[in-house]
Amino acid sequence: MHAPLAAAAGRTASPATARLINDRLALQLLQSEGPLTAGQLKNLTGLSRPTVADLVDRLQAAGLVAVVGESGAQRRGPNARLYGIVADRAHLLGLDLRTRTLTVAVADLLGRVRAERTVPVGEPAADRPAATPADATPADATAAALATALAAVDATLAEAGATAAHALAIGAPGLVDPVTGRLGGSAPTWHAALIGALRDRRTGTLLLENEVNLAALAEQRDGAARDRDTFVLLWLGHGTGAAVVLDGAVRRGASGGAGEIGFLPVPGTGGLPSATGCDGGFHSLAGSAAISRLAAEHGRPAPPADGPERTDAPPAEALVRNAVAAGDAAAGFLDDLAARIALGVSGVCAVLDPGCVVLGGEIGRAGGAPLAERVADHLARLSPLRTDVRAGTVGGRAVLRGAVLAARDAAQDDLFGPAG
């Protein structure tokens with residue numbers, strides 16, 4: 001309920017702080033409920049009518065709220081005015097960095113995407129000519145990739161009618177150091193160059209986050225985990241990863257490495273992972289290359305190539321999607337795949353007991369509910385802990401959606417005042 005928060009703020013905070021907290025509460029209600037009258041705000045917040053009138057005046061003066069209509073044809077006058085958030089008060093920028101592509105979205109303060117585009121960036125695929133001359137240096141290639149990426153950012157902003165972002169969030173593969181905020185691991189050099197260039201622009205709050213953590217935020221707010229404040233998102237793509245959400249918050253670990261499940265030792269790999277590589281760990285069972293080999297063992301034909309364009313899609317995505325479509329004809333392959341995935345999930349459950357695991361990433365999305373149900377069946381035989389296994393529902397833009405949501409949170413923290 002919202003009323004206790006407002007009442008507590010009024011009892012314990014200074015008048016100025018209480019006003020800020022009440023303003024934020026009203027703005028959060030307008031975001032979640034849509035346009036409201038002053039009377040509806042009064043009922044939802046528990047604030048007095050004069051207090052609501054004052055906060056509406058303040059929010060209008062700040063350009064955060066405007067009259068957007070009236071509550072009904074039978075009512076006229078000030079009491080019927082509907083107030084809504086001025087969505088164009090701030091523009092948000094979300095970026096999804098992949099090895100060879102960049103996806104950019106520009107959204108308004110309500111998180112509605114106004115423009116989006118995906119562009120090829122970085123090293124070309126093996127069957128594509130390089131974008132730079134054959135004698136170009138690595139620095140030349142990075143510079144060319146950076147120019148392409150920045151041009152895509154600027155073009156998307158322009159398409160949305162914006163010149164800059166109030167807040168921007170970047171999802172990238174690899175570890176993000178929680179102390180320095182820097183991207184680690186073996187990411188392409190253009191990733192670091194782009195992040196640095198956007199930081200240098202100093203046009204708004206910049207957040208850098210591991211891609212799987214952002215996908216978990218999207219599933220938590222808009223997808224399969226909306227009813228859960230504790231869950232794990234298992235990412236199945238080229239490699240494997242996990243995002244850990246406990247009591248509503250993403251847990252990153254001391255070095256940003258929480259969820260590096262590819263290094264988890266599991267039976268059936270013929271070896272053990274090491275400090276320098278996850279071969280021999282869970283990655284060797286559930287990464288895209290391993291799934292492709294499993295499909296071949298089951299006589300599942302490899303799908304035709306998508307064409308000469310550059311893509312970041314893992315080859316096993318189409319294999320799993322085709323297997324789901326084949327139904328009983330591919331039941332053996334899907335069962336064996338689910339058994340492999342359940343090994344990793346059981347390790348996560350033994351340590352964290354999250355109660356819910358969401359299968360995400362390109363392969364998790366391709367497997368959908370049929371794969372999730374099979375994983376749940378195998379997991380029930382491995383673990384005594386009851387765990388709900390669900391297919392992710394946000395779709396192929398989970399990282400991008402998470403980036404937009406993170407940018408929205410940052411902009412609202414700035415514009416709406418303190419959270420309490």
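The protein chain has 13 helices and 12 strands. The model is predicted. Buried residues account for 45% of the 420 residues in the protein chain. The accessible surface of the chain is about 19100 Å², and carbon and sulfur atoms hold 53% of that surface. Take the contacts between residues at least 6 apart in sequence: 65% of them join residues at least 24 apart.

### The cores

In soluble globular proteins, nonpolar side chains tend to be buried together. Here, the largest nonpolar core has 37 residues. Which of its residues touch the most other members? They are Leu234, Phe333, Leu337, Ile341, Val345, Leu359 and Val375. Helix H11, residues 331–352, gives the most to this core, with 9 residues.

Back in the largest core, look at Leu359, one of the residues that touch the most other members.

### A helix pair

Helices H10 and H12 meet. Their axes come within 8 Å and cross at roughly 10°. Angles under 35 degrees count as roughly parallel, and H10 and H12 are therefore roughly parallel to each other. The table lists the residues on each side.

| Helix | Residue range | Residues in the contact |
|---|---|---|
| H10 | residues 315–326 | Ala316, Glu317, Val320, Arg321, Val324 |
| H12 | residues 361–382 | Glu362, Ile363, Arg365, Ala366, Gly367, Pro370 |

What classes of residue make up the contact of H10 with H12? By class, it has 6 nonpolar, 1 polar and 4 charged residues.

Asp222 lies in helix H7, which covers residues 211–222. Is Asp222 buried, partly exposed or exposed? Its relative accessible area is 34%, so Asp222 is partly exposed. Where is Val394 relative to Asp222? The two are 172 residues apart in sequence, but 6.7 Å apart in space, C-alpha to C-alpha. Asp222 is in contact with Val394, and also with Arg401 and Leu405, leaving aside its neighbours within four places in sequence.

How values were computed: Residues are numbered from 1 along each chain as its sequence is written. This is a predicted model: local features need pLDDT of at least 70, side-chain atom pairs count only at pLDDT 80 or more; totals for chains, interfaces and linings use all residues. Side-chain values use heavy atoms; hydrogens and water are left out. A nonpolar core is a set of buried Ala, Val, Leu, Ile, Met, Phe, Trp, Tyr and Cys residues joined through side-chain atoms within 4.5 Å. Buried means under 20% relative accessible area, exposed over 50%, partly exposed in between (1.4 Å probe, protein chains only). Helices (H or I, at least four residues) and strands (E, at least two) are DSSP runs, numbered from the N terminus. Axes are lines fitted to C-alpha atoms, for helices over the stretch in contact, and angles run from 0 to 180 degrees between N-to-C directions. Angles under 35 degrees count as roughly parallel, over 145 as roughly antiparallel, 65 to 115 as roughly perpendicular and the rest as oblique. Contact means heavy atoms within 4.5 Å. Ala, Val, Leu, Ile, Met, Phe, Trp, Tyr, Cys and Pro count as nonpolar, Asp, Glu, Lys and Arg as charged, and the others, Gly among them, as polar. Accessible areas come from the Shrake-Rupley method with a 1.4 Å probe; for residues, only the protein chains shown count as cover.
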